[in-house]
Amino acid sequence: MAQPMTRDEFQQALLAKGQYYHIHHPFHQAMYAGKCTKAQIRAWVANRFYYQTSIPVKDAAIMANCRDPEIRREWVQRILDHDGHKSLDCKWGGIEAWLRLAESVGLDRQEVLDEKWVLPGVRFAVDAYVNFARRATWQEAACSSLTELFAPEIHQSRLDSWPNHYAWIDPEGLTYFRQRLSQARRDVEHGLSITLDHFQTAEQQAQALNILQFKLDILWSLLDAISMAYEFERPPYVGITDKPVWHHALDR
Ligand SMILES: O=C(O)c1cc(C(=O)O)c2c(n1)C(=O)C(=O)c1cc(C(=O)O)[nH]c1-2
């Protein structure tokens, strides 16, 4: 039987997955270098809205699978961060902050809420994440949130690069990224301790790394779909129609 990694080695192996984080995706690289067009920034914001609004649904699915009140008490904070709550010390809940970001890049709030610009590939990728959380154990689903280990850096790179490169965006719109810096750090401490405690054998540790890779694949695929449509000009049904005829949410 294979020897398990020590706790520290296991943590290092999880951290090493950062090399596949979507901060390295060519679309993000172009964004931080100031090379994105207005249309590309808008497309990214409108598409990512689907990720933002799915996160609390995913977190509710994790809680629904968890019978431990201590874990739920901690985990529920993630839902409140996104949905907003009067006791929160931050300015807006994450969803509202993202809508402000959308408005500050020139998107129509209602069109974003209607998910008008959400590409099928983005929807499929995000739905895979939510569906995984529904059917996996809560510890496996907690592990899948560990891409947040790498998220503070990505939020910081937007705060650093956007005001220089995209002066047309109202800086108030960047509130979301500022708020997430501390929230992501807190979330990841909890998710990491659950993962290090739960995945103990060599097989379980390999499974945890595979789950983290699954989540990295989701984030990468999401940007691939955006790149196809808005960088390579191959949106769905190219050559047939230039209208966004693709399906909308089937579940409401
Ligand atoms: O902007 C980003 O690139 C990015 C990435 C991720 C991530 O790594 O999953 C999250 C977020 N943002 C984010 O804002 C967020 O609230 C969040 C929650 C989660 C999660 O898996 O539970 N990931 C992320």
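Which side chain has an N or O atom 2.8 Å from an oxygen atom of the ligand? It is that of K215. This is a predicted model, in which local features need pLDDT of at least 70, side-chain atom pairs count only at pLDDT 80 or more, and totals for chains, interfaces and linings use all residues. Residues are numbered from 1 along each chain as its sequence is written, and side-chain values use heavy atoms, with hydrogens and water left out.

| Residue | Distance to a ligand oxygen atom |
|---|---|
| R48 | 2.9 Å |
| Y176 | 2.5 Å |
| K215 | 2.8 Å |

On its own the ligand has 470 Å² of accessible area (Shrake-Rupley method, 1.4 Å probe), and the protein covers 99% of that.

Around the ligand stand 19 residues (a heavy atom within 4 Å), of which Y51, K58, Y129, R158 and Y176 come nearest. Sorted by class, this shell holds seven nonpolar, six polar and six charged residues; Tyr counts as nonpolar, Lys and Arg as charged.

Two or more shell residues come from each of the helices α3 (38–64), α9 (151–165), α10 (175–198) and α11 (202–230). Helices here are DSSP runs (H or I, at least four residues), numbered from the N terminus. The largest contribution, five residues, is from α3.

Helix α9 also contains H155.

Conventions:
A polar contact is a pair of N or O atoms within 3.5 Å; within protein, one must be able to donate a hydrogen and the other to accept it, and residues adjacent in sequence count only if both atoms are side-chain atoms.
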